[in-house]
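Biologist: I have a new model open on my screen and would like to learn how to read it. Could you walk me through it, one feature at a time?

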Number of protein chains: 2
Amino acid sequence: MIDMIETKIDLVEMGKQAKAAGIKLAQATTEQKNAAIMAIADALEANRETILAANKQDVDEARTNGTDEIWIKDRLDLVKRMTGMIEDVRKVATLPDPVGKSFDEHTLDNGLKVSKRRTPLGVLGVIYEARPNVTIDVAVLAIKSGNAAIMRGGKEAMRSNLAMIKVLRETLESCGLPADIIQYIESTDRKYVGEMLRLHQYIDLIIPRGGNDLHKLCRENSTIPVITGGIGVCHLFVDESADLDAALPVIHNAKTQRPATCNAVETILVHEKVAAAFLPRLVDYLGKDGVTFRAEPQALALLKGHEDKVQLAGKDDFDTEWYALILSLKVVNGLDEAIEHIRQHSTQHSDGILTRDMTNANRFLDEIDSAAVYLNASTRFTDGGALGLGAEIAVSTQKLHARGPMGLEELTTYKWVIIGDGHIRP
Amino acid sequence: MIDMIETKIDLVEMGKQAKAAGIKLAQATTEQKNAAIMAIADALEANRETILAANKQDVDEARTNGTDEIWIKDRLDLVKRMTGMIEDVRKVATLPDPVGKSFDEHTLDNGLKVSKRRTPLGVLGVIYEARPNVTIDVAVLAIKSGNAAIMRGGKEAMRSNLAMIKVLRETLESCGLPADIIQYIESTDRKYVGEMLRLHQYIDLIIPRGGNDLHKLCRENSTIPVITGGIGVCHLFVDESADLDAALPVIHNAKTQRPATCNAVETILVHEKVAAAFLPRLVDYLGKDGVTFRAEPQALALLKGHEDKVQLAGKDDFDTEWYALILSLKVVNGLDEAIEHIRQHSTQHSDGILTRDMTNANRFLDEIDSAAVYLNASTRFTDGGALGLGAEIAVSTQKLHARGPMGLEELTTYKWVIIGDGHIRP
């Protein structure tokens, strides 16, 4: 791997430093934080060549190791991503600062003035795979929300990450903020992940950014609250009364616009009364863009003549997140069966109904218990940017703290502020 | 222990049943839930003698085992508590139902209608010690917030709990709701606690109700999010400008009104400029009601002649939750030292400042990162009832999901509801 001496890392010391730095950052004004964020954007511009040179070493090594070229381009290579990444940093400076916002203000009958006030969580622990741009995303969202962050990125992107961390820490210091707001675990040894997950004295929240295995590892080993998410077996149900002409582009978008994302649709459920009319059109419409299909027997029977694109669904196909141009198809006898199928197979990320029947629409939106429920729209909108949060640190599919896309506000907590005048409890 | 056959308990089966029952309850109307809650109050009245007879067996056994009588009266005995418990049940029926409430409604530029809608969490896992009234509290709050609950109470209260669980389940059924909304682990075998903590496929939230060891056990072994809390090393800082006459009854209330609660104050920090005037008065004022004191050297030096009530503070005294009429005393040289001491020693439950200086007040309220921060009031108000939540399932001292007193709304999550008209993501 990387030609670096593996020094022993003292995570407790890192935790202490992060906590102390976080306390200072929590007192920074919005203007100070925004100035630091704009300075980071400028510093990334100024150090663009150094960062890209480090990134090229990572990319070259991945190629030497025979890594898939699509994976390299999609996840590791920063060349085409750098400009957009810097623009995104500047955008975070323009977002509203959630910290210090007062809400639920009221005066009790006894005269006590009670309110809640948003405060930073403290220290974020972020564990991520490849995608070195996450380093910048997370750092800037952490700074804006008043949180310190301890990060541990994937080994494939180590040189890129270290180059960016250096820029981040130097810029923070030059702006009069502690460099220790942003810390990085400079080791590929997995034992530090385990140690990090038990550092509850110093880390307030673990955010895993990666696949199912990483989320499972965090959930099972962490003594710190974990935001799990990002896994999406998403469904669209084409109801009897759906506008079939409108359904085709919605499903096309949900499947093909970015098939490797968690909000891409994986399964289409079709009401039996429209299945014969709709399924062949669907296969033609998406098939011309390379989509292939896995159909259960009743759906397959309606797709005679499409055998080049459709095969019989296997046992686990309805529980599979394809990350690819593959779509599972199933005929259902109505809304109840659709809801039941989704309850059994959904990862509770994003599920939708296409219908013109508002009774069915309302039942679906009520009864499907997913982070995002849709009526007559593509599931691809489950995203902090698309839903107006301005930025996104993760998509949560668990139910505690935050559900669905998490932006700046979801990186805060609140405290109760209680103001009296010598009040005692009777 | 209890003369009961320890049958093998299938927690996975319980989890499945709870999940299915929770899905049905989530669709119940507010009226249905309130009717069930009122019926539970009536059934508790009707079965009062049966429940108290079971409770008497628990109490008698505790006495036979030589359990401390104060503990029995405070935690186990339901005789004096039963009427209040039934009144509290009826009160929950009058509280607003958080489920289904829509918020953050807005329309995006592309015409997508976006909102968030409150939904139940699903299944609560509640692990508690003694205090059989928790069984009813939790069950009724779970029902009102649309959640199923799997409970595991302390072995000392097993008969009392089972008698109440029987009433709860029979009443739910008679109201047309599934009995499995409320389930109880009928075993004193601790292995089931471990199993329960890893049942993340079926349980959405673990709420421990008990001491530090129980919270630690849950945090370290659970794969399910845990609400930790209830541990309170709380502080009041008497600033230079405090109204010393008003400070005395506030501190008296915070220490003596219910010393065994988590929001009782444990440490008083006094500004050095008022310490000589205030400390002797404080010791006299609280001392006459049986409070004794642990003072660090500078405070002790100001308390000559009070040696009968004051002793030198030991090494760990400033980190101790006394649960008793004991108060730690320390002189500080100003606000900064007070804040620093609280950061080092607070469990981030409830901390307050007594001052007439609004600059100092605002700095304290801003910089102290506790679930509740107070100005000129007793810390005893950190309680769902006292702060207007109407009821309380726990007091959280962690930062995720909910902080401080948790009522009905804190037992819910939300989903994003997104309504389009054939919308696709560009």
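Modeller: Let's start with contact: two residues are in contact if their C-beta atoms, placed from the backbone, lie within 7 Å. Helices (H or I, at least four residues) and strands (E, at least two) are DSSP runs, numbered from the N terminus. With those terms, L244(B), L248(B), I251(B), H252(B), K255(B) and T256(B) of α10(B) meet V274(B), A277(B), F278(B), R281(B), L282(B), Y285(B) and L286(B) of α11(B).

Biologist: What should I know about the numbering and the origin of the model?

Modeller: Residues are numbered from 1 along each chain as its sequence is written, while chains are lettered from A and ligands numbered from 1 in the order in which they are written. This is a predicted model, where local features need pLDDT of at least 70, side-chain atom pairs count only at pLDDT 80 or more, and totals for chains, interfaces and linings use all residues. Here pLDDT is the predictor's confidence in each residue, from 0 to 100. Chain A has a mean pLDDT of 95, with 98% of its residues at 70 or more. For the complex, the predictor gives an ipTM of 0.93 and a pTM of 0.92.

Biologist: Back to the helix pair, then. How do I describe the packing?

Modeller: Two packed helices are described by the angle between their axes and the distance between the axes. Axes are lines fitted to C-alpha atoms, for helices over the stretch in contact, and angles run from 0 to 180 degrees between N-to-C directions. The axes of α10(B) (residues 244-256) and α11(B) (residues 272-287) come within 10 Å and cross at roughly 45 degrees. That is why α10(B) counts as oblique to α11(B); angles under 35 degrees count as roughly parallel, over 145 as roughly antiparallel, 65 to 115 as roughly perpendicular and the rest as oblique.

Biologist: Is the crossing of α10(B) and α11(B) left-handed or right-handed?

Modeller: A crossing is left-handed if the near helix is turned anticlockwise from the far one by less than a right angle, and right-handed if clockwise. The crossing of α10(B) with α11(B) is right-handed. Its contact residues divide into nine nonpolar, two polar and two charged. In this scheme Ala, Val, Leu, Ile, Met, Phe, Trp, Tyr, Cys and Pro count as nonpolar, Asp, Glu, Lys and Arg as charged, and the others, Gly among them, as polar.

Biologist: Now, how do I read a sheet?

Modeller: Follow the pairing: two strands pair if DSSP finds at least two bridges between them. One open sheet of 10 strands has mixed pairing and the order β1(A)-β2(A)-β16(A)-β13(B)-β12(B)-β7(B)-β8(B)-β11(B)-β9(B)-β10(B). Its edge strands, β1(A) and β10(B), each pair on one side only. The twist averages 25 degrees from one strand to the next.

Biologist: What joins β16(A) to β13(B)?

Modeller: Five bridges, in the parallel sense; I419(A), for instance, has L375(B) as its bridge partner. Four bridges join β12(B) to β13(B), also parallel, with D351(B) partnered by V373(B).
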